[in-house]
Every structure is written in C-alpha cells, then in structure tokens.
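User: I have not worked with this structure before. Could you take me through it, beginning with the ligand site?

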Amino acid sequence: MPSLHDEPRSMNDMTYKIDEIRRLEREAACLDPDAAERRRLLETINGYVERFLEEVPVRPAYISTPDMGRALYDSPIAEQGMDLDGILKLFRECVDDVGLSPVSGRFLGYIPPSSLYHGALGDFLAAVTNKYSGDFSTCPGAVRMEHQLLRWMADLLGYPESAGGVLASGGSMAILTAVVTAREAHGLKSGDYHRAVVYLTAHTHHALDKALHIAGMGECVKRRVPMDAAFRMDPGRLEEQVRSDRAAGLMPWMVACSAGSTDLGSIDPLDAVADVAAGQGLWHHVDGAYGGFFILCDSVRDRFAGIGRSDSVVINPHKGLYTPFGLGAVLVRDRAQIYEAHFHTANYMQDTRLSREELSPADVGPELTRHFRALRLWLPLKLLGVAPFRAALGEKLLLTRYAYERIRGLGNVEMGPEPELTIFSFRFIPDNGDADAFNRRLLEALRRDGTVFLSSTIIDGRYMIRFAVLSFRTHIETIDLAVEIIGRFAKELT
Ligand SMILES: *Cc1c(COP(=O)(O)O)cnc(C)c1O
C-alpha cells in the first residue's frame with residue numbers, strides 16, 4: 001500500500017486521482033440532498049404519515065397476515081437504491097400492516113404505548129441537528145435540556161436538589177443503571193454477590209432480574225416478599241425477612257418496590273418500605289416505569305407517598321407521557337453515587353468534559369454517543385404544557401374504573417382486585433370445563449379478530465386476562481367497543 005506521503009509518480013497520476021475524487025464525490029452526492037429533493041422526500045413521507053394517522057381510529061389493534069411480513073427479505077439491501085414510493089409500499093405491507101399496532105387506542109394489552117406526534121417531530125429535529133448529548137462541554141444546550149427534564153421529574157417525585165440521573169432508552173436500561181449504582185454505593189464486590197440479598201415481590205418486573213444478571217449479580221439471593229390481598233408488598237414481612245437474613249450471615253442490600261406493577265398496576269407501600277429501608281440500611285429502588293407519571297393526578301397522588309424517600313427511581317416517558325419508544329429515566333437521590341458508579345475516561349477523551357458546570361450524561365450512564373432523546377419529550381411539553389398530559393392520565397384512571405364495572409357486569413366473571421391505576425384482570429368462569437383453557441381460547445379468538453388487543457398473565461396460578469388502559473387514543477367509546485366484543489366472543493365460546 002502506498003503511504004500517505006508518497007509523491008504522485010507523474011502529473012498524470014495526480015490528474016487521475018483528482019478525477020477519481022470528483023467521481024466519488026458525485027456518486028455520494030445523494031447523501032446530502034438539496035432543498036428540492038428534501039421537500040420531495042418530506043412530502044412523500046408526510047403523505048404516508050397523514051394517511052396512516054387518518055386510518056388509526058379504524059385500524060385493527062392486531063393484524064395477522066399469512067407470511068407476517070416475511071416478504072421484506074425478498075427485497076435485499078443492494079448497491080443501488082430504489083424509489084421512495086416503492087419503499088413505502090414495502091414498509092406498509094411488511095412492517096406497518098403486520099402484527100401489533102402500538103399506536104391504536106384499541107391496544108389494551110401489556111402497557112399500551114401510543115406515540116405522540118409532537119414527540120415524533122422532536123425526534124426528527126433531534127436527528128437532523130444530531131446534537132451530541134453525551135457531553136456537557138460539547139453540546140451544553142442538549143445536556144441542559146435533559147437536565148431540565150430530569151429536574152422536572154425529580155420535583156414531581158419529591159427528590160431533593162442533590163438528585164441526578166440520566167435519560168435512558170427505556171425502563172430496562174434505566175433499571176440496569178440503578179442496579180449498578182446501588183451495587184457501587186454499597187461497595188459490593190464480586191465475592192459478596194452470592195450473599196447480597198434483594199427483596200422484591202412476585203410482581204416485580206423481570207427487568208430487575210435481568211439487570212441483576214447483566215450487572216454480574218445473577219447469583220445474589222432474591223427474596224420474594226409476601227403481598228397483601230391487593231398484591232402490595234407487606235412491609236412487616238419484609239422487615240422480618242431482612243432480620244433473619246442478617247442473622248444468617250447474609251448481606252441485605254436492596255429492596256425494589258413497584259409503583260404500578262405491570263401485572264395489576266399495584267403500588268407497594270412506599271413510605272412504609274422506606275422506613276424499613278432506612279432502619280435496615282437497604283438501598284430503596286422504586287420502579288415507576290409504568291405508573292410513575294400518575295403522580296400528576298390529584299386523585300391518586302397520595303398512593304405514591306414516600307416515593308421521594310427512595311434512593312433511586314425509574315419512570316418511563318415512553319409509557320406515561322406518550323413519547324415514541326426509547327425514553328426511560330433513572331433518578332438517583334444523590335447524584336454523586338450515579339457518577340461514581342459510571343464515570344470512566346480515556347486519553348482520546350481529553351478534549352471533552354472541559355466544563356464541570358453540569359454532569360455529562362456519558363458520565364452517569366452506560367452510553368457514550370447517544371440519541372438526543374430529550375427532544376422527544378421536551379418539544380411536546382413545551383408546546384402543549386403539562387396540563388393535557390395530566391388530563392389524559394386522569395381520563396384513563398376513570399375509564400379503567402368504568403371498564404372494570406362494565407366487565408363485571410358481563411356476568412360469569414371473576415374480577416381481580418379493583419384497579420389502583422389503569423390495569424385490572426378478570427376471567428370468565430364457564431359453566432363447565434376448565435376456566436384457564438376457556439379464557440386462553442377467548443384471548444386467542446380476540447387476537448384473531450384483532451379489533452381490540454388484550455394480553456394475559458398468571459395470578460396465583462390462575463390464567464387471567466389483563467385489561468390495561470393508557471393510550472391517549474383510548475376513550476369511552478373504545479371501552480364500550482372492547483366490552484361488547486369481549487362479551488360477544490365469550491358468549492360464542494360457551
Ligand atoms: C415496562 C416496564 C419496565 C421495562 O421498561 P422498558 O421500557 O420496556 O424497558 C420495567 N418495569 C415496569 C413496571 C414496566 O411496566
């Protein structure tokens with residue numbers, strides 16, 4: 001290979017290289033489209049988006065097709081591009097019109113997402129400007145925007161001025177960040193892991209188990225603390241367990257509460273657990289990935305009492321604040337702890353971090369270069385204010401009570417506990433035959449039909465259908481439709 005310093009052997013050689021440079025430049029010019037081309041692309045995409053959004057209200061929540069979009073593979077990535085209309089057709093047939101439609105208001109399974117249009121515009125702005133949000137001295141505005149959002153959330157939750165955190169790609173990454181912070185804050189070393197004890201319940205989200213595993217702590221001792229009849233952790237039993245573990249030579253380390261469990265939306269008694277955590281020296285983590293933003297609503301705020309006393313909390317704007325997927329926040333009450341658990345550097349980083357005025361996200365989380373994700377929340381909040389979000393969440397709380405009563409009214413149903421937030425469970429009790437099998441068949445029939453989408457879980461060994469309300473597109477007509485369909489299918493199956 002010629003080195004960089006090789007002299008061209010002749011002028012001809014030089015000419016040849018310049019021609020080649022120009023040729024390559026022309027070939028790559030489409031990477032930087034001009035104004036006319038940008039307008040054409042945007043108008044085409046916008047045409048698609050408009051049609052998509054017009055159809056959302058009547059779109060099925062779930063679409064089955066014979067090949068479930070496999071034809072995407074028939075159009076391989078190639079040297080030459082194809083036209084946008086053809087690409088959008090492919091996208092529509094193989095991606096958009098297949099499987100779940102997470103933006104549908106009739107999606108009542110898992111934790112319903114929705115994707116705010118204003119958030120999508122924030123994503124567009126973020127991607128076009130591509131600010132480097134990892135480092136304060138490089139792009140201070142992007143980092144300040146993130147810190148403003150984190151501070152707003154910290155205030156909502158009652159966290160002190162000392163708090164700090166990071167915007168992660170979702171709840172799972174946020175929980176991992178919290179687990180690593182808790183591990184370091186307690187000075188746990190690998191030789192301790194098999195004796196370190198984590199207290200949770202049977203309804204703790206599996207992202208915590210996964211985070212412990214990824215953090216290298218999969219072998220720690222997990223105590224599933226018993227729950228009351230409404231599936232909330234029993235703080236008395238927690239304390240007993242901690243004492244007996246300590247007496248047995250173990251190292252009680254962390255207690256994880258749910259502030260809105262995924263199964264049933266139940267909220268563990270955060271204040272009482274905070275007392276036990278303080279008395280016993282446990283790291284108190286609260287998972288508010290689904291439920292946290294309901295603290296905006298007066299009618300349920302007192303259920304979150306004590307959340308501000310925890311050591312770390314996770315809260316997902318891509319659930320409760322309707323942003324597009326990819327936004328979960330972790331807050332730690334003492335920001336020095338999240339910094340100490342994550343800060344690393346290298347020679348080639350010496351020109352960054354020149355200012356210590358504010359923490360850099362790269363120093364308090366696992367990522368270095370990252371999506372400028374703050375914009376997908378900041379733009380909607382600045383444009384719309386907080387009030388409409390509070391209203392939407394309040395509407396969902398009331399809709400869920402309404403749905404609970406309407407499902408109960410169908411008859412022959414066994415209801416799970418009354419909803420604390422916006423999730424409840426139920427199952428039909430058939431006159432004869434196995435209830436689990438009957439409800440499983442019912443859910444399958446609902447899914448084949450696809451008009452509404454529900455999911456299921458197992459509670460105390462019984463198959464239960466879950467009804468979850470969260471999307472800003474779910475309204476009272478949606479609930480009426482869902483109840484009508486559920487009732488009709490149940491009748492048809494008996
Ligand atoms: C959704 C959820 C998670 C996981 O969050 P992701 O954003 O899906 O990674 C964790 N905990 C609870 C309670 C959740 O509802």
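Analyst: The ligand is surrounded by 14 residues, of which the closest are Gly171, Ser172, Asp287, His318 and Lys319. Please keep in mind that this is a predicted model.

User: Which atom of the ligand lies 2.7 Å from Gly171, and which part of Gly171 is involved?

Analyst: An oxygen atom of the ligand lies at that distance from a backbone N or O atom of Gly171.

User: Let us turn to the helices. At what angle do helix 6 and helix 7 cross?

Analyst: Helix 6, residues 171-185, and helix 7, residues 206-214, cross at roughly 55 degrees, and their axes come within 9 Å. The two helices are therefore oblique to each other. Helix 6 passes helix 7 in a right-handed crossing.

User: Which residues make that contact?

Analyst: Helix 6 contributes Ser172, Ile175, Leu176 and Val179, while helix 7 contributes Ala207, Leu208, Ala211, Leu212 and Ile214. By class, eight residues of this contact are nonpolar, one is polar and none is charged. Ser172 of helix 6 takes part in this contact, and Ser172 is also listed among the closest residues to the ligand.

User: What about helix 2 and helix 3: how are they oriented to each other?

Analyst: Helix 2, residues 35-55, packs against helix 3, residues 84-96, at an angle of about 30 degrees, with the axes 10 Å apart. Angles under 35 degrees count as roughly parallel, and helix 2 and helix 3 are therefore described in that way. Helix 2 also passes helix 3 in a right-handed crossing.

User: Which residues meet there?

Analyst: From helix 2 they are Leu41, Thr44, Ile45, Tyr48, Arg51, Phe52 and Glu55; from helix 3 they are Leu84, Asp85, Leu88, Phe91, Arg92 and Asp96. This contact between helix 2 and helix 3 has seven nonpolar, one polar and five charged residues.

User: One last topic. Where is Asp97 found?

Analyst: Asp97 is in the loop between helix 3 and strand 2, which spans 99-100.

User: Which residues does Asp97 touch?

Analyst: Leaving aside residues up to four places away in sequence, Asp97 touches Arg59, Ile63, Thr65 and Arg92. With Arg59, the side chain of Asp97 forms a side-chain polar contact of 3.3 Å.

Methods: Residues numbered from 1 in each chain as written. Predicted model: local features only at pLDDT ≥ 70, side-chain atom pairs only at ≥ 80, totals over all residues. Heavy atoms only, no water. Axes fitted to C-alpha atoms, helices over the stretch in contact; angles between N-to-C directions. Helix = DSSP H or I, 4+ residues; strand = E, 2+ residues; numbered from the N terminus. Parallel < 35°, antiparallel > 145°, perpendicular 65-115°, else oblique. Left-handed = near helix turned anticlockwise from the far one by under 90°. Contact = heavy atoms within 4.5 Å. Nonpolar A, V, L, I, M, F, W, Y, C, P; charged D, E, K, R; others polar. Near = heavy atom within 4 Å. Polar contact = N/O pair within 3.5 Å; in protein donor to acceptor, adjacent residues only side chain to side chain.
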